[in-house]
Amino acid sequence: MKFRNGNKRKSIIPGFGLSFGVTITILSLVVLIPLCSLVVFASRLSPAEFLNIIMRPRVMASFWISLSTALAASLVNAVMGIILAWVLVRYEFPGKRFIDGIIELPFALPTAVAGISLTHLTTTNGWVGKVFYDLFGIRIAYSWLGITVALVFIGIPFVVRSIQPVLEKIDSQYEEAAMILGADSATTFRKVIFPEILPALISGFTLAFARCIGEYGSVVFIAGNTPYKTEIVPLLIMAELQEFDYAAATSIALAMLAIAFIILSANAILQSIASRRISGLN
Amino acid sequence: MEPQTNSGPLKWTLITASAVFLSVFLLLPLAYIVATALRQGMDAYLAAITDKYTCKAAWLTIQATLWAVAVNTVFGIAAAWCLTKFAFRGKKIISTCIDLPVTVSPIIAGLIYLLTFGRQSFLYPYLDSWNIKIIFAVPGIVLATIFVTFPFISRELLPVLTAQGTDEEEAAALMGAGAFTIFRKVTLPHIKWALLYGVVLCTARAMGEFGAVSVLSGHLWGKTNTLPLYIELLYQGYDFTGAFAASSLLVVMAIIILALRLWLERRGSKELDIRK
């Protein structure tokens, strides 16, 4: 590459202008201009107006429901994700390929389809809901629990697919060494394997969490959409739009974008801390 | 080579836990859709899926999916080529912008198009005077579908092209090949499987998109209902056979997509092994 030292732009491969032009044009039309319109519209709102909308009890309640259900579902998925990834990487058993294949189902199955199916299954006279209602008196559909169930469904692939490749790469020498030195299997997992998969676990967890907060299709049916109780943020935005209250919808959307931004930045920071800890460069 | 921890009761406990979890959360909903769709017999099922409005909704879904795949393929190839074969400032910004749509909630995706093309937008008078309808019409649905699947193809192509480097294209260019020849003869064979994989992912998401499309559709019967939206309407009208029958069409598509994905993954990794 010596001949490219002087001028960075000069590449002998043709087609820069065309590919750059196509990229920028489509990117602007599809992503940048619509996002700018959100900023332009939001800038017409005064900070007081914005805060007024965000501090409404109904809005605060919906943020609490969204965040708590997304957190609960992501925690379930983190635990099950570790187990699933472990089982898929370390064990041989009949049906392994099948399990590996269906983990992607939540990506492939339209969310609305998953939503109506999960709702019907978990109402008090559904196949699963009836069992829970008769035995424990627990209602799943149209409650906080129902929203969490739908979000668990949506989030399954994220943690598994983040951990799986990392687990595949771990050298079994370290585990053998730990065991020869007298560690039992729980200690080996906690001290040797867990620190290695931690960064992947965090990134899978935050991806699932971010996705769960924005999820609409699968939750809309199972939530029941009662304000203050089972109304998540995307549903509330939808409700404001149906009343043509664009100012409220935009304000809530901005708050949601801010939360997503915080989650993704937190992930980036945690990633760098975790990878530094593993490589031992404190 | 298997460490000792991996034997005995722990192994089977974990396998059973995984199998139970996946059966309850993934297989049961799938089986339930098929069972409910067929509950009132085969005739009712066939009547439901050949219904005039179901067919119209399915056709709109196919249209939106084809548009999304076409636009994102062109964009994906252009962006991947531009970002990996040339050195210029601002690459990082472009690639961040490409990934933006998947980090945004689908409802917000719908909202930004509503704000761009809706009644309160400064564009609206122009669009109105030219008689262009975007919101609550087919173009809005297509745009929303393109938006939510935007990075799916480029994200598959970028790592492959980055790993491949620029040497082969430079050699071809030195020997006098034009841009399209280089792309067709040198680059395309490398990215063939990644491209197909991206197209499969894009199709899966495009045909199932619900939130963004829901904001922009206006729910006009037979005009702006995609299949997922039509399922919602049937479900809210307590036509459960119809809703689950229409859902079963999407279940079949989802299974085809999963199978294609597995096949592509295996095929693609085989090709890579040979090259190594």
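This is a predicted model: local features need pLDDT of at least 70, side-chain atom pairs count only at pLDDT 80 or more; totals for chains, interfaces and linings use all residues.
## Basis of the model

Local features need pLDDT of at least 70 and side-chain atom pairs count only at pLDDT 80 or more, while totals for chains, interfaces and linings use all residues. Residues are numbered from 1 along each chain as its sequence is written, chains are lettered from A in the order in which they are written, and side-chain values use heavy atoms, without hydrogens and water.

## The nonpolar core

The largest nonpolar core holds 178 residues. Such a core is a set of buried Ala, Val, Leu, Ile, Met, Phe, Trp, Tyr and Cys residues joined through side-chain atoms within 4.5 Å, where buried means under 20% relative accessible area with a 1.4 Å probe, protein chains only. Among the residues with the most contacts inside the core are A:Leu109, A:Leu167 and B:Leu22.

Leaving aside neighbours within four places in sequence, A:Leu167 is in contact (heavy atoms within 4.5 Å) with residues including A:Trp86, A:Val89 and A:Ile197.

## The interface of chains A and B

Chain A brings 91 residues to the contact and chain B brings 90 residues. The buried area, meaning the accessible area (1.4 Å probe) that the two parts lose on being put together, summed over both, is about 8100 Å², and carbon and sulfur atoms give 80% of this area. A:Ile13, A:Tyr91 and A:His120 supply 8% of the area that chain A buries against chain B, more than any other three residues.

One salt bridge is counted between the chains, defined as a side-chain nitrogen of Lys or Arg within 4 Å of a carboxyl oxygen of Asp or Glu. B:Arg261 and A:Glu104 meet in a salt bridge at 3.1 Å, N to O.

Key
Buried means under 20% relative accessible area, exposed over 50%, partly exposed in between (1.4 Å probe, protein chains only).
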